[in-house]
Amino acid sequence: MVFALFATVSADAGAGAVLRLIAGDHPNWLVRIGWDLTIIAFGFMALASVVGFIGIWAERKVAGRIQHRHGPNRVGPIGLLQSLADGIKLATKEDLMPRGADGWLFKLAPYLAFAPVFAALLAIPFGPELIFEPALSAGLFWMIAILSVEVIGVILAGWSSNNKWSIYGAIREACQLISYEIPLGLSILVVVVATGTLDLLQLSRMQQGGAGHWLIFHQPFVALAFIVFFVASLAANKRAPFDLPESDSELVAGYHTEYSGLRFSLFYLAEYNAMFVMSAIMAVLFLGGWDDPFGLISRWSARISREHLSLELLAVNAVALSMFMLKASLIIFVQMWVRWTLPRPRIDQVLHACLKVLLPMSLVLLIGSAVWELLVTEGSLAERITQWVLVGIAAVLIGLLGLMLLQAFVEGRGSQKRLSEPSRLGA
Amino acid sequence: MEAILFYIFATLTVAGAIGVVTSRNIVRAAVQLLLALLGVGALYFLLAAEFLAAVQLVIYVGGTLILIIFGVMLTARASSQKLQPSRTERIAAIVSAVALLAVLVVAIFEANFHMRTASTPGATYPVRALGQALLGDYLLPFELASLLLLAVMIGAAYLAKKRAADKDSQ
């Protein structure tokens, strides 16, 4: 139900990329810049807002489901237009600024938080041809680098508000992010050691041809690095259980306590887009990018000639885009699931988990990955056995998850009948 | 087009740098430093040095600048902290700035620059080549930098530990 609408997002990202396919490389640089700006405005800007729009709605629906309530269900079918209503509310709200705030920095901070996340979107390869040209040869590194700029916006927001809750949030954000950047970077390095490239497009192409070729099944160290990366990305995005910079039960709303109206909504947009960017990185790094588990898309894509624009080329890119978005949406769903299931640790526990657990773990993984690449040759029996074992483990896990969901669904139907008949008014 | 972009980013960098020097408020100075650093990163991009640009962002913006702001936040509030250099500080600053400028001017005129733009073929950065450059040709500076960082880290740990011990004895 929740991801029925990921297609909207996909269509949107696709619109920008199709412009690129049609425009090609025009010799006149003014025309080129014109196309680039059109793509940024109609493709990526729209993508960023739709990710926020759907993300916030989905978060509330998932939260409702997990807490056994309805979630938004008044505005539009199944509450779909809730984000629109919220947006109108935020846009018409009074724009407040505390008297003691540092005006210039207070106004700048939301933009500093959002702009880097938006810049990171530009490097994502959505499909075989769906990448913003010229593709960055160090795209992976660029995304991680530019995402680290986001923190400065958050810290400045906390500092310039001149409010104790805000500054506590900012301090927590600073120390949490500086610590978690290390395991995040090291777990990416594990993948880089295994593949030898920082180019996101090349990484996606490497993994074509079905789940067996996905990097997460390439070697055991990369599979473990995926877990490290996932945990570290939660912390880097200040998602619960690592949402200490804004933990509402102790810091009111943390770094954005003093913000209202559109400035506040920019922080939200930044958070949901950062989630999407992190999920996209995970999809490209570990889960095969735009290819499906059976390698059908890459086989189809390999057959099509790229000499000129054809309908089939557009079609394969559209399918690849949907696959990519599906993977990213699933990872976002897991992030929400974790958020509404786990309690929040204390700040010292958060730092302990990073510096004494994740950091040594990622260092060991890095060494392990390097040794593996030295000893195990490409296409050897050992490598193939590992791949099959890893794919098997994944299949068993997915099967168990499916069984659990089925059981929950069957039991949930019974209990819902007993509990429900909710009053039409109280939602 | 590259010339136009160059002047935009160069202006940003220089404006940010001037802002850092003239600002009396230390956090605002840090934000203007951010502008200057971002401008330099953008210039690296224009030179097709993507890897260097990303390194610039990770190390200076994502690391150093956050630490500076973090340090300021922990030590002082904005209202009470107006930077007012003393006369000796001013003289020392002028002397070191002139010395640095002299070194840089000499370096710029001595250096033999090759123009490389994004359209230059082969302007990609294979990880293998980067690794070989860092641990092969430039091994000595690389190791020296690591040694320096290690020394700084030990020094910081020592200072922090001493202060904690002092507190305990009081």
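Guide: Let us begin with helix 4 of chain B, which is hardly covered: among its 24 residues, the count of buried residues is 0. A residue is buried if 20 or more other C-beta atoms lie within 10 Å of its own, exposed if 12 or fewer, and partly exposed in between, with C-beta atoms placed from the backbone. Helices (H or I, at least four residues) and strands (E, at least two) are DSSP runs, numbered from the N terminus. This is a predicted model, in which local features need pLDDT of at least 70 and side-chain atom pairs count only at pLDDT 80 or more, while totals for chains, interfaces and linings use all residues. Residues are numbered from 1 along each chain as its sequence is written, and chains are lettered from A and ligands numbered from 1 in the order in which they are written.

Visitor: Which residues of helix 2 of chain B are buried?

Guide: Among them are Val27(B), Ala30(B), Val31(B), Leu33(B), Leu34(B), Leu37(B) and Gly41(B). Just after this helix of chain B, Ala48(B) takes a positive phi of about 65°.

Visitor: How are contacts along each chain to be read?

Guide: Two residues are in contact if their C-beta atoms, placed from the backbone, lie within 7 Å. In chain A, among contacts with a separation of 6 or more, 81% are between residues 24 or more positions apart. For chain B, 56% of the contacts between residues at least 6 apart in sequence join residues at least 24 apart.

Visitor: Which residues touch the most other members of the largest nonpolar core?

Guide: A nonpolar core is a set of buried Ala, Val, Leu, Ile, Met, Phe, Trp, Tyr and Cys residues joined through C-beta atoms within 7 Å. In the largest one, of 141 residues, Met143(A), Ile152(A), Ile155(A) and Val277(A) touch the most other members. Helix 10 of chain A (residues 261–285) contributes the largest share of this core, 18 residues. Leaving out residues up to four places away in sequence, Val277(A) touches Val117(A), Ala120(A), Leu121(A), Met143(A) and Leu147(A).

Visitor: Where do the two chains meet, and how many residues does each give to the contact?

Guide: The contact takes 30 residues from chain A and 24 residues from chain B. On the side of chain A that touches chain B, helix 5 of chain A gives the most, with 12 residues. That side divides into 24 nonpolar, 4 polar and 2 charged residues. Here Ala, Val, Leu, Ile, Met, Phe, Trp, Tyr, Cys and Pro count as nonpolar, Asp, Glu, Lys and Arg as charged, and the others, Gly among them, as polar.

Visitor: Is Ser148(A) buried or exposed?

Guide: Ser148(A), in helix 5 of chain A, is buried, because 24 other C-beta atoms lie within 10 Å. Not counting residues up to four places away in sequence, Ser148(A) touches Glu181(A), Leu57(B), Val58(B), Val61(B) and Gly62(B).

Visitor: At what angle do helix 5 and helix 6 of chain A pack?

Guide: Axes are lines fitted to C-alpha atoms, for helices over the stretch in contact, and angles run from 0 to 180 degrees between N-to-C directions. Helix 5 and helix 6 of chain A pack at about 170°, with their axes 8 Å apart. That makes helix 5 of chain A roughly antiparallel to helix 6 of chain A; angles under 35 degrees count as roughly parallel, over 145 as roughly antiparallel, 65 to 115 as roughly perpendicular and the rest as oblique.

Visitor: What does Val191(A) touch?

Guide: Val191(A) is in helix 6 of chain A and counts as buried, with 26 C-beta neighbours inside 10 Å. Apart from neighbours within four places in sequence, Val191(A) is in contact with Leu215(A), Val222(A), Ala225(A) and Leu285(A).
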